[in-house]
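Subject: A structure for you to look at

Hello,

Here is the structure I promised to hand over. Please open it first, then read my notes below.

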Amino acid sequence: MLLVVVIMLAGGLAACGGGGDDDDGGADAADDPVASEAQAFFIEAGCAECHGENGEGDGVNQRTEIRGTRMIIQQFRQRVRNGRGSAMPGYTEEQVSEEQLQMLWEWLRD
Ligand code: HEC
């Protein structure tokens with residue numbers, strides 16, 4: 001049973017990766033390259049400073065907990081583009097491209 005689940009997951013990932021533009025099977029391919037790329041960007045873009053390295057939040061402001069978000073992509077995009085209140089900055093497409101935005105959303109929803 002577990003084996004079936006593992007195979008299904010692997011199949012799903014492979015199907016996803018097939019649509020990507022960076023499918024070179026690099027050294028860390030075994031270790032979910034999509035997730036680590038998303039996380040690397042989350043840290044690089046500065047999101048992690050307020051949202052924690054996994055989006056788990058800063059431990060103070062509950063609203064910074066965005067791991068497991070139920071937002072639909074349109075809401076997520078609006079928050080990231082427009083920011084919110086004084087604490088959440090907005091990001092232009094130059095800072096966070098549409099693809100990167102989508103990648104972060106997919107990673108956080110997991
Ligand atoms: C300077 C701190 C800071 C940075 C940097 C930051 N955020 Fe936020 N973010 C916040 C705070 C604080 C909130 C909660 C705002 C509120 O609703 O009061 C928030 C809210 C959000 C929300 C909405 C959560 C909800 O349930 O309404 C999303 C999505 C989000 N941030 C994504 C990001 C992403 C992606 C990045 C990086 C590109 C980022 N944030 C960078 C502080 C930050």
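Start with leucine 108. Leaving out residues up to four places away in sequence, leucine 108 touches Gly55, Ile66, Arg67 and Thr69. Touching, or being in contact, means that the C-beta atoms of two residues, placed from the backbone, lie within 7 Å. Leucine 108 sits in helix H5. It is buried, because 20 other C-beta atoms lie within 10 Å. Here is the rule for that word: a residue is buried with 20 or more other C-beta atoms within 10 Å of its own, exposed with 12 or fewer, and partly exposed in between, with C-beta atoms again placed from the backbone. Leucine 108 also comes to 7.9 Å from asparagine 54, C-alpha to C-alpha, though the two are 54 residues apart in sequence.

Two notes on the source. Numbering runs from 1 along each chain as its sequence is written. The model is predicted, so I kept to these limits: local features need pLDDT of at least 70, side-chain atom pairs count only at pLDDT 80 or more, and totals for chains, interfaces and linings use all residues.

Now the overall picture. The protein has 5 helices and 0 strands. Along the sequence the pattern reads α-α-α-α-α. Helices (H or I, at least four residues) and strands (E, at least two) are DSSP runs, numbered from the N terminus. The protein has 110 residues, and 10% of them count as buried. Take the contacts between residues at least 6 apart in sequence: 39% of these join residues at least 24 apart.

Next, the helix packing. Two packed helices are described by the angle between their axes and the distance between the axes. Axes are lines fitted to C-alpha atoms, for helices over the stretch in contact, and angles run from 0 to 180 degrees between N-to-C directions.

How do H4 and H5 pack? H4 and H5 (residues 98–109) meet at an angle of about 120°, and their axes are 10 Å apart. That makes H4 oblique to H5. The cut-offs are these: under 35 degrees is roughly parallel, over 145 roughly antiparallel, 65 to 115 roughly perpendicular, and the rest oblique. From H4, the contact uses Ile73, Phe76, Arg77 and Val80; from H5, it uses Leu101, Gln102 and Trp105. By class, these residues are 5 nonpolar, 1 polar and 1 charged. Ala, Val, Leu, Ile, Met, Phe, Trp, Tyr, Cys and Pro count as nonpolar, Asp, Glu, Lys and Arg as charged, and the others, Gly among them, as polar.

H5 also packs against H2 (residues 33–44), at an angle of about 110° with the axes 9 Å apart. H2 and H5 are therefore roughly perpendicular to each other. H2 brings Ala35, Glu37, Ala38, Gln39, Phe41 and Phe42 to the contact, and H5 brings Gln100, Met103, Leu104 and Trp107. The classes here are 7 nonpolar, 2 polar and 1 charged.

Two more residues deserve a look. Arginine 77 lies in helix H4. It counts as partly exposed, because it has 16 C-beta neighbours inside 10 Å. Arginine 77 and leucine 101 are 24 residues apart in sequence, yet their C-alpha atoms are 7.0 Å apart. Is glutamate 93 buried or exposed? Glutamate 93 is exposed, because 10 other C-beta atoms lie within 10 Å. Its place is the loop between H4 and H5. Its C-alpha atom is 7.8 Å from that of arginine 81, 12 residues away along the chain.

Last, the ligand. It is surrounded by 21 residues, and the closest are Cys47, Cys50, Arg63, Ala87 and Met88. H3 gives the most, with 4 residues. By class, the shell has 12 nonpolar, 5 polar and 4 charged residues.

Best wishes

Technical notes. A residue is near a molecule or strand if its C-beta atom, placed from the backbone, lies within 6 Å of it.
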